[in-house]
Amino acid sequence: DDKILILNQKQPDSPKAFYSLAGGRREKGETALNAAKREMLEETGYVSRDWRLLQKVNPVGKMAWTVYTYIARDCLYWQPPCLDAGEKIVTKLISYDEFLALADDPDFYERELVNYLLRARYDKKIYKKFHRQLFKK
């Protein structure tokens, strides 16, 4: 129904809660896509059969660190989340415009997405294209 699943989470090493998307680190031998699927299931209990790579960013110049952002469409609730010790995660469905507004939240964890969200918010062509990427089959 044109909603985006976000997380409000508190990690043991963070002083306060923050909004984020499901995600985490790859395990040895795991592909980026399989890691994304595993992290989404663990943190939210949701699965999807329709995954698309949105962007691949290397945020730090002198370090081998790549952030993959995937779109998981037509998600289904599969099982209760399986959180790591000390994690507190609450899932929330928000509208497309609410998602784009997260670019203004200094505590939004997905810093690699902020420019993308801002461009979509202020450019009607990108707004429509991104909406199609997220919701249209």
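**Reading strands, faces and the core**

User: How many bridges join strand β1 to β2, and in which direction do the two run?

Analyst: Strand β1, residues 3–10, is joined to β2 by three bridges, and the two strands run antiparallel. This is a predicted model, so what follows describes computed features. Two of the pairings can be found residue by residue: L7 stands opposite S20 in β2, and the bridge partner of Q9 in β2 is F18.

User: How many bridges join β1 to β7?

Analyst: Eight bridges join β1 to β7, and these strands also run antiparallel. One of the pairings to look for is that of K10, whose bridge partner in β7 is K88.

User: In what order do the strands of this open sheet stand, and which of them are at the edges?

Analyst: The open sheet consists of three strands in the order β2-β1-β7, with antiparallel pairing. The edges are held by β2 (18–20) and β7 (88–95), each of which has a single partner strand, so one side of each is left without a neighbour in the sheet. From one strand to the next, the twist averages 35°.

User: Is R73 buried or exposed, and what does its side chain reach?

Analyst: Burial is read from relative accessible area, and under 20% counts as buried. R73, which lies in strand β5 (residues 67–73), has a relative accessibility of 5% and therefore counts as buried. Its side chain reaches the backbone oxygen of R132 at 3.5 Å, and R73 is also the bridge partner of D50 in β5. The place of D74 is in the loop between β5 and β6 (76–77), and D74 is partly exposed, with a relative accessible area of 49%. The phi of D74 is near 50°, a positive value in a residue other than glycine.

User: Is K56 buried or exposed, and what does K56 touch?

Analyst: K56 lies in strand β4 and is exposed, with a relative accessible area of 55%. Not counting residues up to four places away in sequence, K56 touches T66, V67 and Y68. For K56 and T66, the separation is ten residues in sequence and 6.7 Å in space, taken from C-alpha to C-alpha.

User: Where is the place of E30, and what is E30 in contact with?

Analyst: E30 has its place in the loop between β2 and α1 (32–44), and E30 is buried, with a relative accessible area of 17%. A polar atom of the E30 side chain lies 2.8 Å from the backbone nitrogen of E27. Leaving aside neighbours within four places in sequence, E30 is in contact with R25, A35 and R38.

User: Which residues of helix α3 are buried, and what covers them?

Analyst: In helix α3 (residues 114–122) the buried residues are V114, Y116, L117 and A120. Around the axis they cover an arc of only 165°, which puts them on the same side of α3. On the other side of the helix, N115 and Y122 are exposed. The cover over the buried residues of α3 includes β4 (50–57), α2 (96–101) and α4 (124–135).

User: Which residues of the largest nonpolar core touch the most other members, and which elements give two or more residues to this core?

Analyst: In soluble globular proteins, nonpolar side chains tend to be buried together. Here the largest nonpolar core has 20 residues, and those that touch the most other members are I4, Y96, F99, L117 and F130. The elements giving two or more residues to this core are β1, α2, α3 and α4, and α3 gives the most, with four residues.

Definitions and conventions:
Residues are numbered from 1 along each chain as its sequence is written. This is a predicted model: local features need pLDDT of at least 70, side-chain atom pairs count only at pLDDT 80 or more; totals for chains, interfaces and linings use all residues. Side-chain values use heavy atoms; hydrogens and water are left out. Two strands pair if DSSP finds at least two bridges between them. Axes are lines fitted to C-alpha atoms, for helices over the stretch in contact, and angles run from 0 to 180 degrees between N-to-C directions. Buried means under 20% relative accessible area, exposed over 50%, partly exposed in between (1.4 Å probe, protein chains only). A polar contact is a pair of N or O atoms within 3.5 Å; within protein, one must be able to donate a hydrogen and the other to accept it, and residues adjacent in sequence count only if both atoms are side-chain atoms. Contact means heavy atoms within 4.5 Å. The arc is that of the directions from the helix axis to the C-beta atoms. A nonpolar core is a set of buried Ala, Val, Leu, Ile, Met, Phe, Trp, Tyr and Cys residues joined through side-chain atoms within 4.5 Å.
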